[in-house]
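Subject: Handover of a structure and notes on its helix packing

Dear colleague,

Please find below the structure that I am handing over to you.

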Amino acid sequence: MTTSSYASIRPLLWLVSLAIFMQMLDSTIVNTALPAMARSLGESPLQMQSVVFSYALAVATFIPASGWIADRFGTRRTFLVAIILFTLGSLACALAQTLHQLVGARVLQGIGGAMLLPVGRLAVMRSVSREEFLRAMSFIAIPALIGPLIGPTLGGWLVEVASWHWVFLINLPIGVIGYIAATNVMPDHYAEHRTRFDIAGYLMLAFGMIVLSLALDGISGMATPHALVMLMTVAGLAALVGYWLHAANSTAPLFSLALFHVPSYRIGILGNLFSRIGSSAMPLLIPLLLQVGMGMSPMNAGLLMIPVAAAGMLAKRYAVKLVERFGYRRVLMVNTVLVGLAMASFIFMTPGQPLWVRVIQLALFGAVNSLQFTVMNTVTLRDLDRDFASAGNSLLSMVMMLATGFGAAAAGSLLAAFAHLDQLHGATAALHATFVCVGAITLTSTLIFWQLPDTRPSPRDVEEVAE
């Protein structure tokens with residue numbers, strides 16, 4: 001593609017970037033506002049994980065269907081519907097009067113968010129040549145870095161100067177601008193060959209994810225009968241086993257089991273799931289520790305999240321060099337241990353701790369956590385050929401969001417289990433114990449990354465997949 005033709009699709013890149021920014025901002029801006037939401041809705045701030053959990057689960061559930069929907073109804077129509085659902089969901093969140101209403105509105109948001117990024121990326125992929133693909137994807141990746149950088153601080157500021165409702169209302173003008181732009185800019189691509197959607201496989205997979213997530217979240221609810229939690233766990237596992245058997249016999253499954261014949265993908269996808277459960281609990285736990293445990297204002301708590309995001313952006317630059325020198329296996333084995341220890345180190349964060357120590361601790365966690373994500377994603381996708389690249393990437397996206405939901409649910413369950421410690425040892429005891437546990441959960445994924453071969457790829461291979 002020539003420079004002029006690349007310039008002609010730049011409006012599309014800006015549109016997709018705006019959609020990604022809206023989604024990434026929403027994913028991070030909420031965490032700082034959770035204590036204020038809890039006070040307004042009459043809930044415990046340590047039991048607000050369902051606000052994060054419901055959104056992530058909705059995204060994970062609808063990601064597998066987003067590509068087929070775009071192929072069937074066109075990228076433009078699907079993208080417009082996604083913006084409408086996300087914007088209406090944001091409005092419904094701001095109008096919510098109870099936690100249950102807020103959770104329902106977050107599900108609506110998640111359905112729209114599940115289609116925004118995949119459909120936008122699909123439109124870009126079908127509009128640029130292979131030579132310009134990396135350049136285009138690098139451009140639209142920038143908002144994914146900026147959103148987490150400003151989200152927590154913006155959320156804290158909005159809570160202080162206005163109310164938590166504006167955390168969601170801020171999406172309305174962005175959604176309106178995105179909708180108007182999409183009607184003029186978004187191309188209307190359809191699949192060249194229409195395929196049958198694996199509805200049976202999708203229903204089994206979606207049911208398994210939803211029920212297992214609800215079972216994990218149900219542990220945190222004291223009123224949830226243990227028998228119901230056990231029943232949901234068994235039903236969820238049975239649904240996933242049912243999908244596995246279905247995919248083995250189906251000619252066109254939702255996700256082919258042949259993906260798992262690729263060793264690096266098999267190890268990477270499982271490592272992603274277990275490693276991200278602990279990491280996904282941290283965006284929920286850190287603001288709670290800073291605000292509820294240490295009495296900081298939402299604005300100051302949001303400012304302290306900047307070192308996490310900034311160090312994460314910087315660490316991504318060194319992923320290629322580290323993998324080139326030491327190989328995937330060594331980098332992931334060592335870094336997974338560092339991530340687990342960094343999570344557990346938050347037991348030492350106390351109100352009397354010097355600010356500079358606190359900033360360094362948060363920055364170190366952000367650096368190793370970001371490096372973990374980059375290298376995990378790279379090792380997962382590096383060996384897939386073109387026939388499996390799309391399905392493999394979709395499954396990875398689904399697992400990432402599923403782990404986000406699992407992480408939020410696990411954090412809530414652990415906080416509930418350790419609630420009695422606050423009465424014995426102070427306001428931060430339950431949070432400190434939870435940090436140790438999520439660090440231990442992350443450390444278990446070293447057993448998975450240990451299975452990787454000790455090889456060192458060329459830096460070009462790492463760069464292409466990381467982008």
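The notes below cover the basis of the values, helix packing, a salt bridge and a surface patch.

The model is predicted, so local features need pLDDT of at least 70 and side-chain atom pairs count only at pLDDT 80 or more, whereas totals for chains, interfaces and linings use all residues. Residues are numbered from 1 along each chain as its sequence is written, and side-chain values use heavy atoms, leaving out hydrogens and water.

Helices (H or I, at least four residues) are DSSP runs numbered from the N terminus. Two packed helices are described by the angle between their axes and the distance between the axes. Axes are lines fitted to C-alpha atoms over the stretch in contact, and angles run from 0 to 180 degrees between N-to-C directions.

Helix 2 (residues 10-41) packs against helix 8 at about 155°, with the axes 10 Å apart. The two helices are therefore roughly antiparallel (an angle over 145 degrees). Their crossing is left-handed, that is, the near helix is turned anticlockwise from the far one by less than a right angle. In this contact (heavy atoms within 4.5 Å), helix 2 contributes P11, L12, L15, L18, F21, M22 and D26, and the residues of helix 8 include I174, G175 and G178.

Helix 2 also packs against helix 3 (residues 49-73), at an angle of about 165° and with the axes 10 Å apart. This makes the pair roughly antiparallel, and the crossing is left-handed. Q23, D26, S27, V30, N31 and L34 of helix 2 meet V51, V52 and Y55 of helix 3.

The salt bridge

How many salt bridges does a search of the whole structure find? It finds one, where the term requires a side-chain nitrogen of Lys or Arg within 4 Å of a carboxyl oxygen of Asp or Glu. The side chains of D26 and R106 form it, at 2.8 Å from N to O. D26 lies in helix 2 and R106 in helix 5 (residues 99-125), so the pair ties together parts that are 80 residues apart in sequence.

The nonpolar surface patch

I84, L88, L91, L95, V176, Y179 and I180 form a nonpolar patch with about 610 Å² of accessible area together. Patch residues have over 30% relative accessible area and no salt bridge, with nonpolar side chains (Val, Leu, Ile, Met, Phe, Trp, Tyr) joined within 5 Å; areas come from the Shrake-Rupley method with a 1.4 Å probe, and for residues only the protein chains shown count as cover. Helix 4 (75-95) and helix 8 (171-185) each supply at least two of the residues, and helix 4 gives the largest share, four. I180 is placed in helix 8.

Yours sincerely

Methods:
Patch = residues over 30% accessible without salt bridge, like charges linked within 9 Å, V, L, I, M, F, W, Y side chains within 5 Å. Parallel < 35°, antiparallel > 145°, perpendicular 65-115°, else oblique.
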